[in-house]
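Open the model in your viewer and keep the selection tool handy. We will take a short walk through it, one selection at a time.

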Amino acid sequence: MRATVKDVAARAGVSPKTVSNVIHGVVYVRPETRERVERALAELDYVPNLGARGLRNGRYGLIALALPDLSTAYSAELAHHFVEEAHSRGWSLQIEETASEPGRERDLLSRARSHLVDGLVLNPVSLADSAVPAVPGPLPPTVLIGEVVQDRADHVGVDSVQASRDMTEHLLATGRRRIAAVGTPPVGVESAAARQRTEGYRAALAAAGATHDPELEVPVHHWTTERAVEATRAYLARHPVPEAFLCFTDSMALGVLNVLWERGLRVPDDVAVAGFDDVAAARYAVPPLTTVAFDLRGYAVAALDLLSERIAEPDLPPRQLVYPHRIVVRASTG
């Protein structure tokens, strides 16, 4: 038989309400009481009855997070912070990979509209390839993260145009003029992040009076380390080594560092390398990677704050939050 809240309460010597407060984490419970309840939960192997909870209040305590590619270091770190923050609020988190396919987004939106999840956090790659604009009627509680800007749903994002511009300006300030951008959008591929980061890169060059050379833009279809390695090898087989590589993610920057090591090039003496996201691996690269940084945990908190408010008040007007970034200078740019 499945243990009930009353069973847990009897084992811990507390009221069922106290057990509920511990499970949901929204009301303060004294540490010694919380410890007794958590021990009772473990001893009885208690599993929440989400179906009964949903019937009572129309909510299941379950939200979904959908990211384009779970294999990247950025996605792994971001998902970790979402899980930790969701659990601190008494929510369970379902994690999905959309692979930039609108059909997967539509499935999640449909589940939310059917009240199988209480809310969604989606990271579309592009608005053209997102299911969000095409959903008829009101959206279920939804927060978008990333570079896609729209006016239907709440949104948390970093100003990628300005961040890319700031990083390019840093590289220019070190005296480098021939700066290659790794991760620009291939022809026919729509990516909001690639477009915005390319725009910032070009704007910094123009403001500095540096010539924009299309040959210094290195398109990468999927922003992974492996694809960046392939693209950089192919680029260097046809072009001279630039003075710097601006990579649109840290994962791609790690691939570029590997290719430069293969060729016997020294970083930053022969060529500088910069990334974007400040994932943990960037701090321990050889040499440590200069990157665009923002607080990933704070980013997750901001998104879940918006989602919590949206669940409580579905008719709020959509809100747009730009999360701050900074340039972290390390040894890879000298």
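Start by selecting strand β1, residues 62-67, together with β2: the two run parallel and are joined by 6 bridges. Keep in mind as you go that this is a predicted model.

Now look from I63 towards β3, where G119 is its bridge partner. β1 and β3 also run parallel, with 4 bridges between them.

Stay on β3 and colour its residues by accessibility. Are its faces covered or open? Both are covered: G119 and V121 are buried on one side, and L120 and L122 are buried on the other.

From L120, step over to T142, its bridge partner in β4. β3 and β4 pair in the parallel sense over 3 bridges.

Time to zoom out. The strands you have visited belong to an open sheet of 6 strands with parallel pairing, in the order β2-β1-β3-β4-β5-β11. At the edges sit β2 (92-97) and β11 (320-323), each pairing on one side only. From one strand to the next, the twist averages 15 degrees. As a reminder, strands of a sheet pair through backbone hydrogen bonds, either parallel or antiparallel.

Next, select helix α12, residues 296-312. This helix lies across β1, β3, β4, β5 and β11, and runs at about 170 degrees to β5.

Then go to D154 in strand β5, which spans residues 154-158. How accessible is D154? Its relative accessible area is 0%, so D154 counts as buried. Show side chains here and you will find a polar contact of 2.9 Å between those of D154 and R310. Beyond its neighbours within four places in sequence, D154 is in contact with several residues, including T142, V143, L144, L306 and P317.

For the last stop, select helix α8, residues 192-207. Its 16 residues reach 22 Å from the first C-alpha to the last, close to the 22 Å expected at 1.5 Å a residue. Which residues of α8 are buried? Among them are A192, A193, Q196, T198, G200, Y201 and L205. To see what covers the buried residues of this helix, show α7 (160-173), β6 (179-184), β7 (217-219), β8 (244-247) and β9 (272-276), which are included in that cover. Finish just after α8 at G209, where phi is positive, at about 75 degrees.

How values were computed
Residues numbered from 1 in each chain as written. Predicted model: local features only at pLDDT ≥ 70, side-chain atom pairs only at ≥ 80, totals over all residues. Heavy atoms only, no water. Buried < 20%, exposed > 50% of the residue type's maximum accessible area, 1.4 Å probe, protein only. Polar contact = N/O pair within 3.5 Å; in protein donor to acceptor, adjacent residues only side chain to side chain. Contact = heavy atoms within 4.5 Å. Pairing = 2+ DSSP bridges. Axes fitted to C-alpha atoms, helices over the stretch in contact; angles between N-to-C directions. Expected span 1.5 Å × (residues − 1).
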